[in-house]
Structures are given as structure tokens and as C-alpha cells.
Amino acid sequence: MSRMTAYQLNNLAEGVAEQSSDQKDLTQALRWSERAVKLNKDDLNVRTYVRLLHRTGARAKAQQYLRDYIAESKDAGKDASWLEHTLE
């Protein structure tokens with residue numbers, strides 16, 4: 001159940017991120033994305049979350065969160081290197 005909810009929240013947040021530049025919309029999308037990450041911390045949810053952090057002005061937090069996530073993934077034996085260029 002929580003994976004489906006996380007998937008739906010992430011899709012909603014990603015759609016807003018792609019279609020809006022309004023900070024109020026992006027802030028709401030960031031809340032949805034943060035909830036999706038809490039429910040299911042996977043590559044796609046994290047990518048959306050850091051992109052929204054970056055677009056709402058929290059660039060340093062986005063970069064640090066992404067670096068930490070990639071390091072955690074590598075420690076767990078997963079390859080998340082494709083995310084390294086998310087904020088470029």
C-alpha cells in the first residue's frame with residue numbers, strides 16, 4: 001500500500017515540477033515528494049525530491065541530500081551513479 005501511495009505522490013510532484021514555475025506550486029510538490037521519500041526512499045523518489053529542493057532554492061540541501069543518498073546506495077551495494085548528474 002505505501003509503495004503505491006509513494007508512487008502516486010511522486011508522480012504528482014514530478015508533474016508539477018515539470019509544468020510549473022510558481023513557487024507556491026513547487027513548495028506543495030516538495031511536500032508531496034518529501035512524503036513519497038519517507039514512504040519509499042528509492043532512486044526515482046529521491047531524484048524528484050532533490051530536483052524540487054533545488055527549484056525551491058534549497059540548492060545546498062539538495063546537493064548534500066543527493067551526495068548522502070548516492071553514498072548510502074553504494075554502501076548497500078546498489079548503483080545510483082546515474083543520479084550524479086541530476087542537479088547539473
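Here is a friendly set of questions and answers about this predicted model.

Me: What kind of model is this, and from which number are residues counted along each chain?
Reply: This is a predicted model, where local features need pLDDT of at least 70, side-chain atom pairs count only at pLDDT 80 or more, and totals for chains, interfaces and linings use all residues. Side-chain values use heavy atoms, leaving out hydrogens and water, and residues along each chain, as its sequence is written, are numbered from 1.

Me: How many salt bridges does the structure hold?
Reply: A salt bridge here is a side-chain nitrogen of Lys or Arg within 4 Å of a carboxyl oxygen of Asp or Glu. Side chains of opposite charge can pair when their charged atoms come close. In this structure, the number of salt bridges is 2.

Me: Which residue meets Arg 51 in a salt bridge?
Reply: The partner's side chain comes to 2.5 Å from that of Arg 51, N to O. Arg 51 lies in helix α3 (residues 43-55) and its partner in helix α1 (residues 2-19), so the pair ties together parts 37 residues apart in sequence; helices are DSSP runs of H or I, at least four residues, numbered from the N terminus. The partner is Glu 14.

Me: Is Glu 14 buried or exposed?
Reply: Buried means under 20% relative accessible area, exposed over 50%, and partly exposed in between, using a 1.4 Å probe and protein chains only. Arg 51 has 29% relative accessibility and counts as partly exposed. With 10% relative accessibility, Glu 14 is buried.

Me: Which residue forms a salt bridge with Glu 72?
Reply: The closest N and O atoms of this pair are 3.2 Å apart. Glu 72 lies in helix α4 (residues 59-75) and its partner in the loop between α2 (23-39) and α3, so parts 31 residues apart in sequence are tied together. Glu 72 is partly exposed at 42% relative accessibility. The partner is Lys 41.

Me: How do the planes of Tyr 49 and Tyr 65 make this pair stacked or edge-to-face?
Reply: Rings of Phe, Tyr and Trp (its six-membered ring) pair if their centres lie within 6.5 Å; planes under 30 degrees apart count as stacked, over 60 as edge-to-face and the rest as tilted. The structure holds 1 aromatic pair. Its ring centres are 5.0 Å apart and the planes of Tyr 49 and Tyr 65 stand at 75 degrees, so the pair is edge-to-face.

Me: Why do the buried residues of α4 line one face of the helix?
Reply: These buried residues are Ala 62, Leu 66, Tyr 69, Ile 70 and Ser 73. The arc is taken from the directions from the helix axis to the C-beta atoms. Seen down the axis of α4, its buried residues line one face because they fall within an arc of 100 degrees.

Me: Which exposed residues does the face of α4 turned away from its buried side carry?
Reply: What covers the buried residues of α4 includes α3. The face turned away from that buried side carries two exposed residues, Ala 60 and Asp 75.

Me: Which backbone oxygen does the side chain of Asn 45 reach?
Reply: Asn 45 has its place in helix α3 and is buried at 4% relative accessibility. Its side chain comes to 2.7 Å from the backbone oxygen of Asn 40.

Technical notes: Polar contact = N/O pair within 3.5 Å; in protein donor to acceptor, adjacent residues only side chain to side chain. Contact = heavy atoms within 4.5 Å.
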